[in-house]
Amino acid sequence: MAQFWKPGTEKPRLIDDEEGGVLFLSASASSSSSGYGFASFEKQRQRLPVYKYRTAFLYLVETHATTIVVGETGSGKTTQIPQYLKEAGWADGGRVIACTQPRRLAVQAVASRVAEEMGVKLGEEVGYTIRFEDATSTGTLIKFLTDGVLLREMMGDPLLTKYSVIMVDEAHERSISTDILLGLLKKIQRRRPELRLIISSATIEAKSMSAFFQTRRRRGLQGEEPALAMEPAILSVEGRGFNVQIHYVEDPVSDYIQAAVSTVLLIHDKEPFGDILVFLTGQDDIETAVKLLTEEARDNRKSSSGLIVLPLYSGLSRAEQELIFSPTPRGKRKVVISTNIAETSLTLKGIVYVIDSGFSKQKFYNPISDIENLVVAPISKASARQRAGRAGRVRPGKCYRLYTEEYFVNEMAAEGIPEIQRSNLVSCVIQLKALGIDNILGFDWPASPSPESMIRALEVLYSLGVLDDDAKLTAPLGFQVAEIPLDPMISKMILSSDQLGCSEEVLTIAAVLSIQSIWVSSRGIQKELDEAKLRFAAAEGDHVTFLNVYKGFLQSGKSSQWCHRNYINYHAMKKVVDIREQLRRIAQRLGVTLKSCDNDILVVRKAVAMGFFANACRLEPFSHEGMYKTVRTSQEVYIHPSSVLFRVNPKWVVYHSIVSTDRQYMRNVATIEPSWLREVAPHFYRQDGPDAMLH
DNA sequence: GAGCACTGC
């Protein structure tokens with residue numbers, strides 16, 4: 001068994017860092033161990049950088065309410081820390097150690113790795129929970145879960161009493177769920193002094209995180225836990241990456257796609273073998289770069305022979321993604337041209353060179369227009385470092401930044417803007433309300449969203465009938481909407497379908513709206529796809545069209561050939577069936593009667609309107625271009641060309657979402673009657689208000 | 001007649 005500090009024995013020595021509070025373990029305190037049982041795993045575990053901080057870490061956790069661990073990729077913190085905690089007894093007496101991740105895939109991967117290292121069956125001592133999948137048992141000691149799942153668990157157990165330690169991993173990514181979780185955990189700590197928090201982050205943002213967690217309970221509880229430090233401890237663990245040499249351009253580049261292509265060819269010409277990873281912003285940029293490189297390979301065989309050029313973005317089919325992960329043949333060089341997906345979600349093997357455009361697509365929310373925009377924006381220093389680090393996984397690498405050093409040093413922001421400050425907050429606010437946080441504006445956030453965004457969210461939830469005049473959840477509707485793990489507008493639509501007698505149809509629509517697209521996505525088959533769509537198209541809009549597709553899919557016996565013939569994505573349809581089944585169970589639990597309206601499409605349209613009336617739009621009179629204006633904020637919007645209502649341009653519609661490019665396009669559009677708006681949302685669409693245009 | 005960074009419950 002490895003040596004570690006036990007409460008009541010002499011403390012390990014700790015050195016205070018001049019930077020202010022960063023603690024390092026002195027070399028003498030590190031130890032080796034004989035190990036037993038799974039010897040090869042034990043040896044591997046001891047070689048991880050985090051291992052020599054084991055004793056210090058356990059000491060800090062024992063003596064501090066919150067411990068912040070700063071560690072780069074490859075430090076081993078995610079897989080080792082939960083095991084150290086278990087070995088030190090934090091899972092004794094029926095308590096559980098929790099470790100959260102922002103992504104489902106990471107949860108599963110880390111859980112199975114830890115189970116393997118411990119020599120136990122996944123789902124028993126080591127388990128995991130993600131949405132729609134619970135692989136835990138009563139004997140689970142270490143539990144991995146997404147931060148969203150932990151938030152859901154708080155609805156049933158607000159103090160998370162079964163956990164002794166909660167580790168929030170990848171906190172630097174600052175997803176909405178992580179930020180809400182951090183705010184709530186800080187509150188829980190006040191009520192549960194024995195709870196330990198571990199905040200794990202890849203960047204030195206630890207300082208502000210530390211400031212966030214140290215204002216706790218100045219007086220009062222000292223008597224109970226005299227030894228517990230109020231100020232968070234910070235532990236830095238080095239990564240195991242190799243050195244990455246950074247190159248900057250001397251002068252700013254005007255065209256980063258062209259610059260990236262030239263750099264690829266330069267590396268291929270001058271540098272030894274090793275794969276190249278290029279970070280661009282989106283599908284368009286990536287396809288352009290792939291085309292340029294492929295043309296170069298054709299025209300100038302000498303400079304680009306041996307290059308395998310591959311695009312990488314989330315919309316790729318399975319087969320295309322498998323190409324990315326196949327090993328590079330001897331004598332060849334792989335060039336992967338990617339979005340941000342390769343920055344956090346996917347790790348590629350064999351990358352030695354990284355080309356960083358300095359840009360990514362980022363979401364921004366405008367509470368005035370109530371529209372989320374996806375725009376190309378400069379990345380942060382933290383992102384730039386993360387991207388560069390991708391070059392040092394197998395051997396020392398190089399990173400070529402397509403911006404100047406002066407720009408990096410003086411102009412690039414240290415950190416990105418937290419997602420919560422760039423998003424529509426409807427889902428976030430209802431979740432806090434369901435957890436009993438009544439004063440949303442006064443909530444202690446790690447980063448506060450703008451009051452305008454919060455007010456906009458409260459307004460929409462009020463109009464949906466989810467919140468009452470005191471901004472409290474209504475019963476039963478508000479609590480029911482909060483219970484369904486979907487966007488509140490979709491949840492409201494499902495619950496409204498009960499009284500309208502069309503829940504079977506609306507559950508199908510909800511499931512389809514929850515996935516990206518049911519159509520096959522590939523350029524160059526547009527005409528065929530459009531023709532196929534016409535076979536299912538309904539005059540009432542996309543939602544009813546989805547019903548026709550779903551009905552056809554079931555009638556075909558869920559046939560993949562049928563999907564293929566009709567340009568429908570078979571995997572997407574399987575997912576629709578799966579999600580629909582999950583939603584059906586939840587709806588039934590909430591007392592929704594399962595009923596089909598058969599062919600009475602009017603009630604289905606009404607249910608859609610009852611969820612999405614806030615997204616109502618009217619066709620501009622005399623507009624020849626199909627210009628609509630949103631009823632609430634008078635924004636100029638258009639029906640997306642992928643909609644079955646494109647060019648049909650009915651006078652009144654509601655949309656599910658908006659995509660912004662050169663114009664704002666409504667995706668998934670349904671026709672409505674204007675009289676329904678005042679009927680379903682009388683407060684929202686008052687006759688005398690700014691919405692008098694309803695006449 | 002045009003196009004969707006990435007997650008998650």
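Modeller: Start with pairing: two strands pair if DSSP finds at least two bridges between them. Strands themselves are DSSP runs of E with at least two residues, helices are runs of H or I with at least four, and both are numbered from the N terminus. This is a predicted model, in which local features need pLDDT of at least 70 and side-chain atom pairs need 80 or more, while totals for chains, interfaces and linings use all residues. Residues are numbered from 1 along each chain as its sequence is written, and chains are lettered from A and ligands numbered from 1 in the order in which they are written.

Biologist: How many helices and strands does chain A come to?

Modeller: Chain A has 25 helices and 23 strands.

Biologist: How do you know which strands S12 pairs with?

Modeller: Count the bridges. Five join S12 to S15, and four join S12 to strand S14 (residues 333-338). Pairing needs at least two, so both count as partners of S12. Both run parallel to S12. In detail, Ile 276 has Val 335 of S14 as its bridge partner. Phe 279 stands opposite Asp 356 in S15.

Biologist: What makes S12 largely enclosed by the rest of the structure?

Modeller: Five of its five residues are buried, so S12 is largely enclosed. Buried means 20 or more other C-beta atoms within 10 Å of the residue's own; exposed means 12 or fewer, partly exposed is in between, and C-beta atoms are placed from the backbone. Asp 275, Leu 277 and Phe 279 point one way from S12. Ile 276 and Val 278 point the other way. In a regular strand the side chains alternate between the two faces of the sheet.

Biologist: What is the order of the open sheet, and why are S11 and S13 its edges?

Modeller: The six strands run S11-S18-S15-S12-S14-S13, with parallel pairing. Strand S11 (244-248) and strand S13 (307-312) each have a single partner strand, so one side of each is left without a neighbour in the sheet. Neighbouring strands are turned by 20° against each other on average, direction ignored. S11 runs parallel to strand S18 (residues 397-401), and five bridges join them. One bridge pair there is His 247 with Tyr 400 in S18.

Biologist: Which strands does helix H13 touch?

Modeller: H13 (residues 381-389) packs on this sheet and touches S11, S12, S15 and S18. Touching is judged by contact: two C-beta atoms, placed from the backbone, within 7 Å. H13 makes about 150° with the direction of S15. Axes are lines fitted to C-alpha atoms, for helices over the stretch in contact, and angles run from 0 to 180 degrees between N-to-C directions.

Biologist: How do you know whether Gly 416 is buried or exposed?

Modeller: Gly 416 has 20 C-beta neighbours inside 10 Å. The definition asks for 20 or more, so Gly 416 counts as buried. Gly 416 is found in the loop between helix H14 (405-410) and helix H15 (426-434). Beyond four places in sequence, its contacts are Ser 380, Ala 382 and Ser 383. Across chain A, 41% of the 695 residues count as buried.

Biologist: What strands form the closed barrel?

Modeller: Five strands form it, in the run S19-S20-S21-S23-S22, with mixed pairing. Neighbours are turned by 50° on average, direction ignored. Strand S21 (residues 636-639) and strand S23 (residues 664-671) have two bridges. The definition asks for at least two, so S21 and S23 count as paired, in the parallel sense. Ile 639 stands opposite Met 666 in S23.
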